[in-house]
There are 2 protein chains.
Amino acid sequence: MSEQEPNQKYREMSEVDYRLKCDLRVKEQKYYLGKIQDSGLKPMERFLAYCPNPSLNMKRGVTFAHMDLEGIAGAISEGKPWAVVSGLNPSGPLHFGHKVIFDELLWMQQQGADVFIPLTNDESYVVGKSKSLAESRRIAYDDVIPSIIAMGFDSNKTKIFVDSDYADIYNVAMDLSKYVTLNKVFKVFGLDKEDDEIDRNPGTLFYRAAVQVAQILLPQYPEFGGPKPTIVPVGIDQHPYILLARDMAEKKGFIPPSELVMKFLFGMDGKGKMSASRPGSAVFLTDSPEKAEKTIKASYTGGVTLRDFQIAHGGIPEICPVGCLREWHFENDRHVSERCSSGKLLCGDDKRETIEMVKNYLRDHQEKREEARKRIDKFILKTPIRSIFEE
Amino acid sequence: MSEQEPNQKYREMSEVDYRLKCDLRVKEQKYYLGKIQDSGLKPMERFLAYCPNPSLNMKRGVTFAHMDLEGIAGAISEGKPWAVVSGLNPSGPLHFGHKVIFDELLWMQQQGADVFIPLTNDESYVVGKSKSLAESRRIAYDDVIPSIIAMGFDSNKTKIFVDSDYADIYNVAMDLSKYVTLNKVFKVFGLDKEDDEIDRNPGTLFYRAAVQVAQILLPQYPEFGGPKPTIVPVGIDQHPYILLARDMAEKKGFIPPSELVMKFLFGMDGKGKMSASRPGSAVFLTDSPEKAEKTIKASYTGGVTLRDFQIAHGGIPEICPVGCLREWHFENDRHVSERCSSGKLLCGDDKRETIEMVKNYLRDHQEKREEARKRIDKFILKTPIRSIFEE
C-alpha cells in the first residue's frame, strides 16, 4: 500500500465529511417536511408572505410550521385578546434550546398576547425526570423561573405556574377528562399494550390526557375572559397534545388552540437536539462563561478538517450547532450562514465570535437572573378557578 | 278445571313465596360467604370472640368481614392514634343505606379514631352520577354534609373534605401514582379492552388508581402525624380499592390499611341494595315523614300473604327490607328478627312500628340537619399538604 501525502489524506477525509454533512442537511430538511405532511400542519411560507411583522424565528425558518395561525393573526389585526401557552417540565436549568421557545413567547407578548407558562413539575416526576415532586418543584423556582423572568417578560401579561402549587389545574383537568377516552389517548400518542409501564402509569396518562390539555385551555376559562384564540409554540414531539387539546376544546365549546412548531436547536455534541440528558450537548443559561467556552470550543460543527477545502466549498451551517446557536440567538438575519456556506467564515473564527457572544449573554443573563429572584411572586398565577363550580 | 277455595289459593301462593324467600336467604348468606372466601377476607366471628366492645353492626352481623382488624384493636388497646376513612360520591341526599356506614364511623370515633370523610364529587362527575363537578359539589354541601354532622360526629376529630375544594388531594394522588401501573389497575378492577369507555376514561382511571388511594392513605401523611393504623369500612364492591391501597401503602412505607366490610341494606322494593338510582328503593334522610311512611307501607317484606301461614311458619327477617331497616337502625339486639321468624310479629305491625321509629328519627334528624348547616366550616379539612414538597 502506498503512503499518502498527509494533505491528500485530510482532503479525502474532508470530502467524506462534507458529503456526510450535506446528506445530513438533506435528511434534516426531509425530516421536517415529512413531519409537516404527516401531521396536517402548514409550512410557514404562505403565512409569512402576508405577515407584516414576523418574528426572527419565523424569518430564520426556526418556526417552520403551524396550524390555524390565521386565527391568531385575525385577533391581532382586530385588536382582540389572545393568549399563548408554553412551558416545560422542570428537571434542570434552562439551556439555549429552551430559550428559542421563550424568545417566540416574548415576541408574542410584544404583539399583545397574554402569556401562560405552566411549569409541569408533576410531569417531571411521573415520567421519571425527577425523583420527587419536591425536587422538580424546587428546580422550577430556583432554576427555571428566574431565567424566564430575566429574559424580559412583562409581569402584567405573564402568568407562570408550577402545577403542584396551582392545584386548581387538577380541577380543570378533572372537568375536561370527560371529553376524552382512554382509547383516544392511546391512539393519539401511539401507545399500546407493549409500551413502557411508565407510559401506562395512571399519573402519566392522566397528565397527558387531561392536565396538559387543562393548561392549554386554561386561558379560555371565564377567569381569564372566556374563549379566545390561543396558540401553543411547541417542538414537533408535542404535536399529539395539540390534536387532543383541539378535539377536547371543540367538545367543551372553546376555540381549538392554534399550534406553532419550532425546530430543535442542535446539541453541541452533534448527536441530536440540545438536551440536558446528554452532558456536553447543552449550553445552559446557568453555565459559567468559562464552562460555556469549553463546551463551544469542543463542539461539533458544519465544517471540515481541511482549511483550503472549506474555503473552496464552504461549511454546512444548517446542521452546525455553533452556527445555529449563534444565528438563532444573536443574529438578526442569515448573514452568518451565508458567510459560512460561501467559505468566508471558518469554524475557528465562528466559534471564537460565538463564544464571545454567549459569554456576554450569560454574564448579562445571570445578573438579571439574580435580580429576577426578587420579582418571582409578581409572575406567579394565583387566580382560583371557581367557574367550574357554577351551575 | 276445579275452582279453588280462595284460602287454598292463598295458602299455595304463601307456600311458594315462603320457599322463594327461604331460598333467597340461603342465596344471600352464600353470597357473603363466597365473597369472604374469594377476597381473602376474614369472617368477624373469631375477632368478636375476643372483642370486649363490638359495635352494634358487628353484633348484628351487618359488619361481616375484615382484613387486619387486629392492627386497629392493637392501637386501641395500646392507646395509640389510629384513623378511619370512609366517604361517598355525592350525587343526592343520604339514605338509610349510607347511615349504616356512618354509624360504624361514629362508633369508631367513640373508640378513639380520627375520622376522615372524603366526599368525592370528582368521582360523581367522572363516573356520570352527576352532570358537572359543580352539581356534585353543591350536593355535597347542601345535602350530604349537614346529614353527616347531624349524626353526631365530633368536630375535633372529624375531617370532611370535598375533593374539588381540597385540591391538595391531587398532589397526593400524583405523588402516589408512581407506585402503581395501569396494568395493575386493570387487573385489580377486572377491566379489559372491552369495558365501557366510562371505565376507561382517563379521569375515572386516575380517580380509581390514585385519588381514592390518596384519600385512604391521607391520614398517614406527616401533616396528620405520619404512619398509623387506618381502617376503611366499605361495601364489598369497594374491596379492590383496598387491595390497591394496601399494595401502594407498602411501597410508600405506610401501614397497609385495614378493611371492614359491611352488608348492604336492602332496598324497599326488594330488588337489591338500597340505592338512590331506583326510586322507591330508598328511604332518604331528607324524606318528609309522610313520604317515608308511604315508601315503607309499600315495601316488600320477608313475610307471606296468608296471616295463618306466617303465624305458623314465621317470616324471613334476614331478607326483609323493613326488618333490616328497623333492626340495623333502631334496635339494640335481634329480638325483632326472633319475633318475626317465630311468627309472633307480622308484617303489618312491623311496618307500623318501623314507620313510627323512622318518622321520629327523620323529624329529629332534619331538625339537627338545619342546625348542622351553621357548623359545616368546623368540620371541613383545610390542612395544606406540604410534606411532599420537602426534600
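This is a predicted model: local features need pLDDT of at least 70, side-chain atom pairs count only at pLDDT 80 or more; totals for chains, interfaces and linings use all residues.
## Two chains around one axis

**Where the chains meet**

- The same surface serves both copies, since 100% of the contact residues of chain B recur in chain A.

- Look for helix α10 (residues 202–217) in chain A and in chain B: their axes come within 9 Å and cross at roughly 150 degrees.
- Angles over 145 degrees count as roughly antiparallel, and α10(A) and α10(B) are therefore roughly antiparallel to each other.
- The crossing of α10(A) past α10(B) is left-handed.
- Among the residues making this contact are Leu205(A) and Phe206(A) of α10(A), along with Leu205(B) and Phe206(B) of α10(B).
- Sorted by kind, the residues of the contact of α10(A) with α10(B) are 10 nonpolar, 2 polar and no charged.

**The sheet in chain A**

- Chain A has an open sheet of 7 strands with mixed pairing, in the order β1-β2-β7-β6-β3-β4-β5.
- At the edges are β1 (42–43) and β5 (158–162) of chain A, each pairing on one side only.
- Strands β2 (residues 63–67) and β7 (residues 258–262) of chain A pair in the antiparallel sense over 4 bridges.
- Opposite Met262(A) in β7(A) you will find Thr63(A).
- Helix α5 (residues 96–110) of chain A lies across several strands, including β2 and β7, and runs at about 135 degrees to β7(A).

How values were computed:
Residues are numbered from 1 along each chain as its sequence is written. Chains are lettered from A and ligands numbered from 1 in the order in which they are written. Two residues are in contact if their C-beta atoms, placed from the backbone, lie within 7 Å. Axes are lines fitted to C-alpha atoms, for helices over the stretch in contact, and angles run from 0 to 180 degrees between N-to-C directions. Helices (H or I, at least four residues) and strands (E, at least two) are DSSP runs, numbered from the N terminus. Angles under 35 degrees count as roughly parallel, over 145 as roughly antiparallel, 65 to 115 as roughly perpendicular and the rest as oblique. A crossing is left-handed if the near helix is turned anticlockwise from the far one by less than a right angle, and right-handed if clockwise. Ala, Val, Leu, Ile, Met, Phe, Trp, Tyr, Cys and Pro count as nonpolar, Asp, Glu, Lys and Arg as charged, and the others, Gly among them, as polar. Two strands pair if DSSP finds at least two bridges between them.
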